[in-house]
Amino acid sequence: MSLVRLAVIALGTFAAVIPAGAQEAVKIGALLSLSGPFASPSKDMHDGMQLALEHRGSKMGGRPATLLVRDDQGKPELAVETANKLIRGDQVDFITGAGLSNIVMAVYRPITSSDNFLIGSNGGPAPIAGKDCSPYFYSASWQNDQTAEVMGEYLTKAGITDVSILAPNYQAGKDLLAGFKRTFKGKILDEIYTPLSQTDFSAEISRVKASAPKAVFVFYPGAWGIQWVKQYSQAGLDKSIPLYSAFTLDEVSIRAIGDASVGMYAAAHWAADTKNAANTKFVTDFKAKFNRIPSAYAAQGYDSIQVIAAAVDVLKGDLKDKKQTQAALKQAKFDSVRGAFKYNTNNFIIQDFYITKVEKAGDELVLSTVSKAVEQVKDVYAAECPMK
Amino acid sequence: MKALPDWAFTAAVAFCGFAFFAIAHATGNAIWTDVASRILVYGLAAVSLDILVGYAGMVSFGHAMFLLCGGYAVGILAREGLVSGFIQWPVAMIVSGLLAALIGPLVLRTGGVYFILLTLAFSQMLFFLFTGFSRYGGDEGLQVYPRSEFIRAVDLSNPDTLFIVVLLVVCVALYAMQRLAKSPFGLVLKGCRQNEKRMQALGYQTFRYKLLAFVIAAAVCGLAGAMLANVTGFVSPEYGSWQRSGELLVMVILGGMGTLRGPLIGAIFLLMLEHVLSEQTEHWPLLLGVLLVLVAIYLPNGLRTVSVLFRRQSNVS
Amino acid sequence: MSLFLEQCLNGIQISLLLFLMASGLTLIFGIMEQINLAHGSLFMLGAYFSVLFQQLFGSFALALVLALGVTFIIGIILEVLVFRRLYGREHLLQVVATFGLILIFNELVRIFWGVAPQYSAIPKALSGAISLGWLDYPSYRVAVIGVSLLTAIGLFVLIQKTRLGMLIRAGADDRNMVGHLGVNITVLYTVVFGIGAALAALAGAMAGPLQSVRPGMGEQILILTFVVVVVGGLGSIQGALVGSLLIGMADTLGRAYLGSALSFILPPAAASGLTNALSSTFVFVIMAAMLLLRPRGIFARSQR
């Protein structure tokens, strides 16, 4: 039915589109933390977005499309300012990116309450999935808790009875550890949150070592993760206490960590070896263009543009009616690199999650899929979201 | 050439502000008002710092702590459901003033480089304390939502309205501070900067004067913080970082300390330069850095030195 | 108990890095009466150069030495071009000029190395843990402690036993007098500045593998260094050592034990947040208390 409705909408607006300067570009603001600790994941997101645009010949709904890339340096206050500039100055049609969850939280209200669209490429903080959900926000990634929930369940099944868990002290860190605790049935020995500015973890590693848990679960994205894993193995703990993680090991960070990461487990919604036609094309072309294996961040960046493009195509480039744009985004149909792609009521994706493991393939380190952990799950906050 | 009287300078600032507003709208660059609001707020903060640095000779390297204080006063009140600006803004000023009254007696016991470092220490304390309040966002900062509410007609979530309000408040505060600087109080402060011992010998309790100056400067800076929270819609501990205190000092130096007007011009110059340069090259801090080094070495009186040079030349010709 | 000892080792390692920073800063301060905010930039440059030379030559030790040398030269150039013109000027101007230098160095680093963090590798031999009898401790951190201690000893010998050291001590006490005695004070200043820069670079190069090497990485440690210098007494090397140990240990142990204590009364996220806030604040409380109770620091030099 919705397709019929969309077709009617599309036909109805078709006439209006042509005279309204169809050649004017669709402007997409990419708010990325290109400097700071989250620089490498942000660079991957950016390259994924670029590739998606290239795959569509930089066209959407018959109009040219451009990406306006802005660096927020990983600082929420700067992100707010940059988002305002994108909206009021550049008058973009969509904003995407917003990698770190605290950045998402900071720009969320300024963007959505002024009736502008935010397509989240990474962080999915709990409040946005729940009570503060908005028809102007669409995730191209996941809700923060989900990946950690998968890991918590996996460790419970593996018979691990007690763990220490650590994360940076910010929105995503709290979300992930909350998610882990939701599904992990054993005992939590330490629950430690480190300041965002900290990359030397000696005191925390000593604490973990002293409590001697059966396993350690961490969430340390980007530069934090590289330092955490390196220092963990320097302390010799990788041999005695297995390290499990979410968003800590990615295709970029495992190269910086080196062999110390081999054999470590992670949870993810996507891996480079996820089997579907869209993903094969994405991974092959990404490798060819950027000379490296894409990370999940790149995949999310790629899908962010795909979501927008799918909507703009349906609308034939006419973005004037915000309600229609909302409907088009919600129904976005495209070949996602993660396979099936469907929005839940809170505009987060219903999708599969996997357990992955770092392996050595020749000279290269790769994250490969071990097993599918859960199929087509929804996040727990959707019930709190008033949208239907 | 005689300097403009205070009322005329203030009127000129207001006029330029409105003219700018009109031009921005006429040329379809409404976005400019966002930048301009920010510039004015920082200008006010720099002017308040000048009372300390330029008049009383107290080089505070922690003045941004009062931006933080004022900003969080608004942010926290808004978070707790108290949204009236008639309460928020005065509270921001009072809390900042109280903070200054608390640490003032301590920092004023020292002078020179120790004063610089002690003000830095206190601003860092405040900075780190705010990173620990998880209820108010901790490290991540706090959204100011909704904006301060005044009367129905004044909606600060509209950037144009916000600009006008900021402009008017800054003009009033600027005028008040210029008058203050010319009052006997201001003259005593100037005396302290030149020779504190002599002022004491003349029977002035310089400590009291300096403490009062510290409190007044803090309250005005707190007001700037309250407005900044409304301009950005966000407060974070970053507001009180030592880098921001440094930037305020830079504005004072660039504009010429001990003039009050200078720091306002300095703030406008610095932030405009930042704005213009950042559109040209992403490496603009490099140019700014070079400028600062050159100014510190060759133009210790700030850009005022340049204007004096021009003035002499124009007199000759 | 072994946890406590291990936390003490962590504290000592951080303290010694702080000392390397503080010794240079305190000399520059004591002798030239110069506030140098750019000292953290020299720390950053040390880290970046060591990464660069590692990539070029593949040896960590060689990279360390080269990074030291290059930063020493940069320090001398800086002194001649900038700092020399600021001696005896208002502290305010020194603050502004060195603030400008921070911007310049951060941006130069962005231009040459990009905005993404760089990773300094640890030599294979030091990549694991070493047994210290009662506990296993990362061998790299042991090496950092060792090198810092050796450097500290070398510095004390230099200052107490050599002619240069005598001049430095004299300069910190009364620089005018040293000048009047016919010592080439200009060269002395330049050399002291170079040494300070090299020490900062050593700290940066060794901290590189423990933090990520990124623009602005020196600014966090810079502020702590100022605290150390003030607590120890401006111009005093002994003071810098004592101050570093005090601040480094307070920071590490505060973080380690306050957290466990607070987690009994607060939920973990709030406890962690408050722990970090309080232990960071505590350091500045020490500094403020010191300035108020003993304004010239623990090892105050005699004042003119």
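A: Lys181(A) and Glu191(A) form a salt bridge in which the closest N and O atoms are 3.0 Å apart (a salt bridge being a side-chain nitrogen of Lys or Arg within 4 Å of a carboxyl oxygen of Asp or Glu). Because Lys181(A) lies in helix α7 (residues 171–183) of chain A and Glu191(A) in strand β8 (residues 187–194) of chain A, the pair ties together parts that are ten residues apart in sequence; helices (H or I, at least four residues) and strands (E, at least two) are DSSP runs numbered from the N terminus. Lys181(A) is partly exposed, at a relative accessible area of 36%, whereas Glu191(A) is buried, at 14% (buried is under 20% relative accessible area, exposed over 50%, partly exposed in between, with a 1.4 Å probe and protein chains only).

The model is predicted: local features need pLDDT of at least 70 and side-chain atom pairs pLDDT 80 or more, while totals for chains, interfaces and linings use all residues. Residues are numbered from 1 along each chain as its sequence is written, chains are lettered from A and ligands numbered from 1 in the order in which they are written, and side-chain values use heavy atoms, without hydrogens and water.

In chain C, Glu79(C) pairs with Arg84(C) in a salt bridge whose closest N and O atoms are 3.2 Å apart. Glu79(C) has 0% relative accessibility and counts as buried; Arg84(C), at 33%, counts as partly exposed. A further salt bridge joins Glu107(C) to Arg110(C), with 2.7 Å between the closest N and O atoms. Both residues belong to helix α4 (residues 91–113) of chain C and sit three residues apart, about one turn of the helix. Glu107(C) is buried, with a relative accessible area of 2%, and Arg110(C) is partly exposed, with 24%. Back in chain A, salt bridges with shared partners link Lys43(A), Asp44(A), Asp47(A) and Arg292(A) into one network. Over all chains, the structure holds 33 salt bridges.

The setting of the chain C pairs is as follows. Chain C has eleven helices and two strands, in the order α-α-α-α-β-β-α-α-α-α-α-α-α from the N terminus on. Of its 304 residues, 60% count as buried. The C-alpha atoms of chain C fill a box of roughly 60 × 50 × 35 Å along the principal axes.
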